[in-house]
Amino acid sequence: MTVLDLSGVDVRFGGNQVLSGVDMQAAAGFTGLIGPNGAGKTTVFNAVTGYVRPTAGQIRIGGQPVPPGGPVPVARLGVRRTFQTPRLVGELDVLSNVLTGLDSELTRGHGLLEFLGISRRARAARSRAVELLGAFGLADAAGEPVANLPLGSQKIVEVARALASRPSLVLLDEPAAGLSAADVDRLVEPLAEIGRADGLAVVVIEHDLEVVSRLCPRVAVLHFGRILTEGPPAQVVAHPDVVTAYLGASVAAVHP
Ligand SMILES: Nc1ncnc2c1ncn2[C@@H]1O[C@H](COP(=O)(O)OP(=O)(O)O)[C@@H](O)[C@H]1O
Ligand SMILES: [Mg+2]
């Protein structure tokens, strides 16, 4: 079943047409979204999560149109995301940061500390968060202020936060960027396992094609705001238009 469905989505900022007629679907499992820098990948996530409003087209999440009112109503549909640069609460400890990813119903009206101690639901949430940290090899860091962790670990904490509520749709924006090879392994294996176990629909923007291939049976390629092609990773990266798009990007980067 399709969890995320974009149909003919345009996004324009002033005179800058950033997305043009984007069609893309994601079902339970992992879907990759790749493309050169500036292609519009993050803008796709911003449109899905209500940070930007498409100028044309339709976005449906679990069959429902994206509600108006920005990111909060979208999050209530069970959508969670990460950012290219982690947006965590630096002075809060790692466990509390993961808990901030939970259902707003659970946290509403309570201070975070109060909520940590009290209800059965809160205890279940806490054990879920602890379990996630364990899965990602971060159990020992649970009580550390998150700002004390290296960037790679912070990015993994943000992924754990996105998974904490067992969301219906998870959008990960370059989760492996800036990670060491060891951190990539620490991220990818548990992520694949949790995604499978919880039946999550996960869309992953990622430049590391090995990570994409490990996680995603299908991948879409975005170039200048249009979907160039879509299919299994090995097939997609061999597509002549994709080769040209990436070559064009690297030549442009060398000779601006
Ligand atoms: N809020 C915004 N206002 C104006 N331009 C934007 C905004 N967000 C993105 N853009 C422009 O859209 C284009 C695509 O950006 P982005 O979606 O971040 O690309 P990618 O994630 O593929 O690198 C860029 O030219 C960027 O400058
Ligand atoms: Mg981006």
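Reader: Why is aspartate 183 called buried?

Author: In this predicted model, aspartate 183 has 15% relative accessibility. Buried means under 20%, so aspartate 183 counts as buried.

Reader: What makes aspartate 183 and arginine 186 a salt bridge?

Author: Their side chains meet at 2.8 Å, N to O. The cut-off is 4 Å between a Lys or Arg side-chain nitrogen and a carboxyl oxygen of Asp or Glu. The pair therefore qualifies as a salt bridge. Both residues lie in helix H8, three residues apart, about one turn of the helix.

Reader: Is arginine 186 buried, partly exposed or exposed, and why?

Author: Arginine 186 is at 23% relative accessibility.

Reader: Which residues join glutamate 210 and arginine 214 in a network of salt bridges?

Author: Asp185 and Glu189 are linked with Glu210 and Arg214 in that network. A search of the whole structure finds nine salt bridges.

Reader: What makes aspartate 198 a salt-bridge partner of arginine 166?

Author: The closest N and O atoms of the two are 3.4 Å apart. With a limit of 4 Å, aspartate 198 and arginine 166 therefore form a salt bridge. Distant parts of the chain are linked here: aspartate 198 is in helix H8, while arginine 166 is in the loop between helix H7 (151-163) and S7, 32 residues apart. Aspartate 198 has a relative accessible area of 25%, so it is partly exposed.

Reader: Which arginine meets aspartate 198 at 2.8 Å?

Author: Arginine 128 does, N to O, in a salt bridge.

Reader: How is the protein divided, and what lies across the interface?

Author: Domain 1 covers 1-78 + 168-256, and domain 2 covers 87-166. The rule finds two salt bridges across their interface. It also finds six residue pairs in polar contact there. Strand S7 (169-173) and helix H8 (181-198) each give two or more residues to the side of domain 1 that touches domain 2. H8 supplies the largest share, seven residues.

Reader: How many residues are in contact, and what area is buried between the domains?

Author: 17 residues of domain 1 are in contact with 17 residues of domain 2. The buried area is about 1400 Å², with 64% from carbon and sulfur atoms.

Reader: Why are Thr42 and Gln84 called donors of the magnesium ion?

Author: Thr42 (OG1) and Gln84 (OE1) lie 2.1 to 2.3 Å from the magnesium ion (ligand 2). The cut-off is 2.8 Å, so both are protein donors. Threonine 42 is in helix H1 (residues 41-48), and glutamine 84 is in the loop between strand S6 (79-81) and helix H3 (94-99), 42 residues apart.

Reader: What makes threonine 42 and glutamine 84 partly exposed?

Author: Threonine 42 is at 23% relative accessibility, and glutamine 84 is at 39%. Both values fall between 20% and 50%, so both residues are partly exposed.

Reader: Why is isoleucine 205 called buried?

Author: Isoleucine 205 has a relative accessible area of 0%, under the 20% limit, so it is buried. Its place is in strand S8 (residues 201-205). Thr42 is one of the residues that isoleucine 205 touches.

Terms used
Residues are numbered from 1 along each chain as its sequence is written. Chains are lettered from A and ligands numbered from 1 in the order in which they are written. This is a predicted model: local features need pLDDT of at least 70, side-chain atom pairs count only at pLDDT 80 or more; totals for chains, interfaces and linings use all residues. Side-chain values use heavy atoms; hydrogens and water are left out. Donors are N, O and S atoms within 2.8 Å of the metal (3.2 Å for Na, K and Ca); water is not among the atoms, so sites may look incomplete. Helices (H or I, at least four residues) and strands (E, at least two) are DSSP runs, numbered from the N terminus. Buried means under 20% relative accessible area, exposed over 50%, partly exposed in between (1.4 Å probe, protein chains only). Domain bounds come from an automatic or database domain assignment. Contact means heavy atoms within 4.5 Å. Buried area is the accessible area (1.4 Å probe) that two parts lose on being put together, summed over both. A polar contact is a pair of N or O atoms within 3.5 Å; within protein, one must be able to donate a hydrogen and the other to accept it, and residues adjacent in sequence count only if both atoms are side-chain atoms. Lists of a residue's contacts leave out its neighbours within four places in sequence.
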